Amino acid sequence: MPKFLVDNKEIQAKQGTILLKACLDNEIYIPNLCYLEGIDPPSVSCRMCFVKIEGERQPVPSCTVTVKDDMVVKTDTPAVRQLQRTALRLLLSVHHVDCKNCQANKKCELQRMAKFLKVGLKPKGLERHLREIEIDRSHPFLDYYPNRCVLCGKCIHVCREKNGQSALTFSKRGFDTVISFYGVKDLSTFECENCNACIDICPVGALILKESKEEFLK
Amino acid sequence: MNPAGNEKIDQIFNAVYKEAERRRSEFREDPVPKIHIGMATCGIASGALETQKAFQEALDEYNIEARIHTVGCLGHCYAEPVVIIDHPDSGFPPIFYHEVNAGKAKMLTKLFLKEGDPRFEHVYGAMEENDLIPSVMEFARFNREKRVVMEKCGYIDPEDIYDYIAEGGYSTLVKALKLNPYEIIKEVQNSGLRGRGGAGFPTGRKWELAKGSGEQEKIVICNADEGDPGAYMDRTILESNPHQVIEGMAICAYAVGAKKAIIYVRAEYPLAVNIVTKAIRQATELGLLGKSVLGSSFDLEIDVFRGSGAFVCGEETALIRSIEGYRGMPRHRPPYPVQKGLWNQSTVINNVKTLASVSPILDHGADWYREIGTENTPGTAIFSVVGNVVHAGLVEIPMGVSLRTLIFDICGGIPDNKKFKAVQIGGPSGGCLNEDFLDTPIDFDSLTEAGAMMGSGGMVVMDEDTCMVEVSRYFLDFTQNESCGKCTFCRIGTYHLLKILERLTKGEGQDGDLELLETLSKDIKVGSLCGLGKTAPNPVLTSIKYFRDEYEAHIYEKRCPALMCRPMIAFYFDLDLCARGCDACATCCPVEAVFTTSNRKKGVDQELCVKCGECIVACPPEYDAVRKVSPPDRVPHIEKPPEKEKEE
């Protein structure tokens with residue numbers, strides 16, 4: 001079992017363990033959004049879980065590294081924090097900050113990271129840019145909030161895991177990228193009503209259950 | 001390979017080569033005139049199809065026997081449609097004619113082919129040394145080039161495999177098949193060939209990694225997903241000499257142990273797709289591809305995969321995802337494609353130009369290749385030089401030539417007596433360099449050091465009328481549109497850059513914008529997932545570095561020094577130059593913003609003017625009275641006479 005140092009604390013983890021997971025399991029918090037065990041290759045898209053590993057020039061995302069003996073890891077160097085704070089500020093700059101009315105309030109990963117990194121929820125300096133569509137109501141049971149979504153992609157993965165094929169997908173590109181239900185011909189083949197896996201995994205409350213099916217039928 | 005096997009390879013190939021030679025000598029010895037017309041996309045866009053039709057009709061009309069030979073592109077885009085006429089009976093050498101439209105084609109058929117007069121006023125140059133007509137080799141645009149990859153481009157018919165074989169094509173494959181794969185890899189390594197897709201990774205090293213990755217079958221991919229604005233080298237090569245690329249792929253596949261290869265080409269290149277598909281079919285029919293290549297134990301199947309036009313699919317991991325049928329999104333590297341690529345197999349991905357360099361290297365040897373170019377970057381570079389330059393087009397030069405030589409000597413400098421301002425190298429991921437860099441040698445390392453990059457070879461030359469803030473905005477608009485949206489820095493970071501630049505070009509810059517652009521850019525470069533995001537801020541960073549005063553003028557003075565950003569400029573007429581009674585500008589103004597002053601000269605109603613610039617075009621050059629000024633409040637006030645009551 002590899003033994004290594006994270007922030008001067010000695011940690012042991014099984015061969016092949018992802019560094020991020022090893023740290024989280026040992027109560028060393030590294031901000032992260034898109035990491036989920038089982039996503040292979042890891043999506044590495046949120047760009048939050050940077051750490052400094054001795055011998056590497058630049059900070060690396062800890063979800064891409066497997067633990068090695070004698071590795072020396074630092075989770076809070078200025079370079080790491082700079083990248084994490086910028087990434088978080090970018091995410092918040094396109095986020096509709098309305099925590100009071102959001103079902104993820106208090107369990108939201110963005111709130112957690114903002115507190116941890118000491119970044120205000122409405123960061124100064126960056127203009128706020130929101131997408132035009134506030135709510136995508138096209139799914140019979142779910143509502144999708146593009147201005148809450150951080151595009152971590154975990155919902156796509158868990159849906160595929162549970163249903164063999166995913167009812168959710170990325171669509172559009174650049175700033176306009178969203179999660180959508182495009183491409184799924186018949187949603188009735190998915191047991192969305194009793195599943196909720198995507199809702200449960202969402203770190204920010206971008207997917208929520210419609211209040212009733214009637215609402216859709218109206 | 002055993003000697004008996006080698007004999008069989010020679011036997012099969014010799015039969016093919018003999019047929020090619022027979023066809024060529026039949027063509028060459030035919031005493032009738034030959035008309036070679038450049039028919040790649042660039043030629044066709046300039047009207048080569050009409051030129052071909054006009055030649056055909058004129059030949060029929062005057063009852064002249066001649067052969068029309070359609071060839072690819074010579075790279076002289078400024079001169080398209082290009083025609084070379086070889087008329088042995090006239091006593092003249094083969095002659096290069098430029099801009100041959102349908103009318104010129106008819107005229108040349110009558111006067112040159114029928115009456116023997118080559119019409120000197122239309123001649124560009126002779127294709128060989130002679131006493132009558134200056135040779136094209138006397139022009140820098142020809143004699144300063146060094147053609148390795150494009151050597152046969154524009155001389156052979158890309159749709160006829162025998163044309164290529166008669167020129168020595170596929171003989172290197174024959175040579176390769178008799179070598180041990182490791183010998184080939186060693187030779188490519190010794191040549192110092194570096195990937196021409198942009199990053200400059202040593203090609204031999206890549207092949208070695210693939211070869212050493214295990215016994216399982218490998219895959220070779222030719223990356224022809226060329227997407228940089230203004231870059232079209234790969235398209236031209238595929239359209240002009242597809243077989244050199246295919247031969248390179250076959251050698252690579254044999255060396256690394258692949259039975260399957262794919263050419264990933266954009267669907268927006270329909271002609272390239274057609275020509276490459278046809279080339280693969282012809283090569284397969286002759287036994288140069290397919291099962292048991294030339295009777296050896298090596299099998300190779302090449303497919304063409306059409307990309308759907310996403311720029312990010314030029315990134316190798318996104319390209320792989322796209323072939324696998326998923327949304328083209330890059331993934332984290334490592335693992336690199338040579339370790340785990342398409343369908344989890346070891347995959348070698350090389351650019352078109354890289355693969356096209358392979359056959360000349362094996363043919364002439366690694367030492368020959370090393371003598372071209374610089375120590376760290378041997379070989380040639382192909383640039384598509386576009387923008388404000390006289391002789392735009394494709395230029396193949398030895399690495400290490402300076403930007404000044406390329407832009408001013410070879411490509412003829414800046415048109416209309418304008419001053420050089422900047423050159424953008426490496427497409428949207430590259431940087432803008434100013435005149436201080438004109439003596440920089442062109443190779444991977446010195447360009448990267450300067451903050452630009454080799455990229456795939458796009459080069460946009462800009463004159464003094466170009467606003468660098470606007471150029472940055474243009475490139476960021478491109479990258480933001482083409483970002484796949486996966487990672488935070490690229491998706492949101494470049495969007496912020498774009499929005500700030502948009503504000504600057506509208507005259508809405510604020511204190512702190514410049515600093516924000518810089519810090520955001522630096523974080524995006526480090527934080528992004530793939531090469532697209534990592535390089536997207538380069539145009540911003542380099543233009544701030546080398547043209548900081550322009551940014552400052554936009555932000556603090558609301559002034560566009562190049563007089564390009566419309567919200568920050570105003571038009572007026574210089575009354576000393578404006579001709580009394582002339583109405584050229586007034587009649588063309590789409591919004592009737594031009595009025596006549598009390599002494600019958602012109603003024604601009606700034607409320608109405610939309611700054612389209614039509615009046616500049618309309619104003620006769622002998623007056624040249626239209627002026628632009630920035631910021632707009634510096635425009636001189638010209639009294640508008642009260643409107644006359646219309647008579648009923």
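Does Asp409(B) count as buried, partly exposed or exposed, and at what relative accessibility? In the predicted model, Asp409(B) has a relative accessibility of 41% and therefore counts as partly exposed, since this value lies between the limits of 20% for buried and 50% for exposed residues. The residue is part of helix H16 of chain B, which covers residues 403-410. When residues up to four places away in sequence are set aside, Asp409(B) touches Ala140(B), Arg144(B) and Arg404(B).

An open sheet in chain B consists of four strands in the order E8-E7-E6-E9, and the pairing is parallel. Its edges are formed by strand E8 (301-307) and strand E9 (347-351) of chain B, each of which pairs on one side only. From one strand to the next, the twist averages 20°. Strand E7 of chain B, comprising residues 258-266, is joined to E8(B) by seven bridges, and these two strands run parallel. Within this pairing, Ala261(B) has Ile302(B) in E8(B) as its bridge partner. Helix H9 of chain B (residues 203-211) packs on the sheet, where it touches strand E6 (218-224) and E9 of chain B. The direction of H9(B) makes about 165° with that of E9(B).

Two helix pairs of chain B were examined for their packing geometry. In one pair, helix H8 (residues 181-191) of chain B packs against helix H11 (residues 242-256) of chain B at an angle of about 120°, and the axes are 8 Å apart. H8(B) and H11(B) are therefore oblique to each other, and their crossing is left-handed. On the H8(B) side the contact involves Pro181(B), Ile184(B) and Ile185(B), which meet Ile251(B), Tyr254(B) and Ala255(B) in H11(B). By class, this contact of H8(B) with H11(B) has six nonpolar residues, with no polar and no charged ones.

In the other pair, helix H10 (residues 233-240) of chain B and helix H12 (residues 270-285) of chain B pack with their axes 8 Å apart, at an angle of about 40°. The arrangement of H10(B) and H12(B) is therefore oblique, and H10(B) passes H12(B) in a left-handed crossing. H10(B) contributes Arg235(B), Leu238(B) and Glu239(B) to the contact, while H12(B) contributes Leu271(B), Ala272(B), Ile275(B) and Val276(B). Sorted by class, the contact of H10(B) with H12(B) has five nonpolar and two charged residues, and no polar residues.

Helix H22 of chain B, which spans residues 538-546, is mostly covered, with eight of its nine residues buried. The buried residues of H22(B) are Asn538(B), Pro539(B), Val540(B), Leu541(B), Thr542(B), Ser543(B), Ile544(B) and Tyr546(B).

In chain A, the bond from Asp40(A) to Pro41(A) is cis, with omega near -5°. Pro41(A) is placed in the loop between helix H1 (19-25) and strand E3 (50-53) of chain A. In chain B, the peptide bond from Ser630(B) to Pro631(B) is cis, and omega is near -5°. Pro631(B) belongs to the segment that follows strand E18 (626-629) of chain B.

Positive phi values are found in residues of chain B other than glycine, including Leu294(B), for which phi is near 50°. Leu294(B) is located in the loop between H12 and E8 of chain B. With a relative accessibility of 0%, Leu294(B) counts as buried. Lys558(B), likewise a residue other than glycine, has a positive phi near 55°. The position of Lys558(B) is in the loop between helix H23 (548-557) and strand E15 (570-573) of chain B. Lys558(B) has a relative accessibility of 30% and therefore counts as partly exposed.

Note on methods: Residues numbered from 1 in each chain as written. Chains lettered and ligands numbered in written order. Predicted model: local features only at pLDDT ≥ 70, side-chain atom pairs only at ≥ 80, totals over all residues. Heavy atoms only, no water. Axes fitted to C-alpha atoms, helices over the stretch in contact; angles between N-to-C directions. Parallel < 35°, antiparallel > 145°, perpendicular 65-115°, else oblique. Left-handed = near helix turned anticlockwise from the far one by under 90°. Contact = heavy atoms within 4.5 Å. Nonpolar A, V, L, I, M, F, W, Y, C, P; charged D, E, K, R; others polar. Buried < 20%, exposed > 50% of the residue type's maximum accessible area, 1.4 Å probe, protein only. Pairing = 2+ DSSP bridges.
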